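Please open the model in your viewer and keep the sequence panel beside it.

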Amino acid sequence: MKRTRNKILKFDRYSAITVIACVLQLTVFGQKKNSNTKTYPFGNPIIKHRYTADASPHVMPDGRMWMVTSVDSEDGGGYPTMHKYHTFSSADMVTWKDHGEVFNIDDVMPKDVKKQDWALWAPDMIYRNGKYYLYYPIWIHHADSIRPNGKEGRVVTSYIGVAVSDAPDKHFKVLKSKIEGTAGIDPAVFADNDGSVYLLWGHKKMAKLKDNMMELETKPVDLDLGTERFMEAIWMHKRNGKYYISYHTKYGNKIDKETPDDPSRDKSEIAYSYADNINGPYKYGGIVNYELGVNVNNGPKLPGKNYVPWRLTQSNHVGIAEFHGQDYLFYHTSALSSWRQDEFKNMGTWTQRSVCIDKLNYNADGSIIPVQQTIEGVEKITVRQPYKIELLKNTVNVNESKALSFPNIQLGTGYYYFSVEVKNVTTAFLLQVKTKQGILLATLPVKQNGIVEVGLNYAKGLQDILISPVGNTEAATLKSACFFAGSPSK
Ligand code: FUB
């Protein structure tokens, strides 16, 4: 049987919580029909025609905000029935287009295993040199296996795979069904502005990816987050040179209807840690998102209570992305489920989740201000600036001692990618794109002739730009160079 090929993981606290959540959902709360077909009346969640969870947001080269999400089943069948991913995109953070299914468990599952044993959990998707890479966790329930403690019972295996596509709305093809060295769920990819790409996953593991995007270049490190609160759903972002890691915290008992704010209970929150160095050590920073429904003053109330119905669910997940001057937190609630079942008269189903967005802001010292969850959601934004800024039209020779300077470049509310065409390359080198004040916007590794593209980190405002080759003593020729994705294409 193919299933026995997979390594059996420790049946840890996380697996226990998940199984308890599935059982609670089926026994205590029961499976509810989505019988209410009236239009959902609020802005959050943002996707209202299907259940979506685990959003991973990134601005892609078309200048739109994209997210890939898990899809929860319509009948509330729970985590083992998560079998596909959809992608969505938006030009204004409010109007979201569903691009349909881009990956399915059938793309990875051997034919001779029972479908309910295999599931696709929280993914992430990144653009790199003309291709889109989808990182997905395979989650397998082995029904009749022996647990590490010798007793029979359910054992869970999970690991990370990667699939590739030419476009974020086209079906992804498996590139590597299991990335060697990974075990666990919730992959997140982070592209640093020194040109390195990191894979983070599972129980706060991180490793650098090779250029082929499907193998680990370094040994996975176990990140020290300065706290024991980490449970899952790792996410990394960078702002003003600081690395932030956000995650869902370990939580305790099911929330009691009468005492939802019980201070003695371990809370299901999104918390963060931060560091000046990507490898840490990280310092615990505090809360990014309180428990679901906390402080949501507007909106419906659970009958007889003074809080929103989905206050009682505890599944959450974090994605953070910046779009034209504002950071946004992507998370999920069961608000849509609560509405579709019976117009907010119960809490909704734990595993019928829906992606929400609210603004994420910082204090002057870079610490995160806990996000105020809203039922209204965020407002539409309109970006009025050119999609592209060309720096170079004619060819120019560069080498280590010859940086190129471009004064007064208006990057407005943000440009997200940089591209350059290089010719006459004899030795590999790095091309750094910096501001005159020394802020590194990106590093492009040049290995051969051709076009190199890279994502930028917070490139905005009026800047004097310097392009400096590092590590080449011989000259190479730059044919064109531009900032792009500064406004969304339609
Ligand atoms: O959606 C399945 C799992 O639930 C994800 O992998 C976790 O992060 C949690 O959202």
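Select strand β28 (residues 450–459), which with five residues gives the most to the lining of the largest pocket; strands here are DSSP runs of E of at least two residues, numbered from the N terminus. The model is predicted, so local features need pLDDT of at least 70 and side-chain atom pairs count only at pLDDT 80 or more, while totals for chains, interfaces and linings use all residues. Residues are numbered from 1 along each chain as its sequence is written, and side-chain values use heavy atoms, with hydrogens and water left out.

Now show the whole pocket, whose volume is about 480 Å³ (on a 1 Å grid over the protein atoms alone, a pocket is an open set of points where a 1.4 Å probe fits, with protein on both sides within 12 Å along at least five of seven lines, and lining residues have an atom within 4 Å of a point; the volume is the space filled by probe spheres set on the points). Of its 23 lining residues, Arg128, Asn129, Asp211, Pro445 and Lys447 are the closest to the centre.

Next, select strand β18 (residues 319–323), where five of the five residues are buried, so the strand is largely enclosed by the rest of the structure (buried means under 20% relative accessible area, with a 1.4 Å probe and protein chains only). Gly319, Ala321 and Phe323 point one way from β18, and Ile320 and Glu322 point the other way.

Terms used
Helices (H or I, at least four residues) and strands (E, at least two) are DSSP runs, numbered from the N terminus. Buried means under 20% relative accessible area, exposed over 50%, partly exposed in between (1.4 Å probe, protein chains only).
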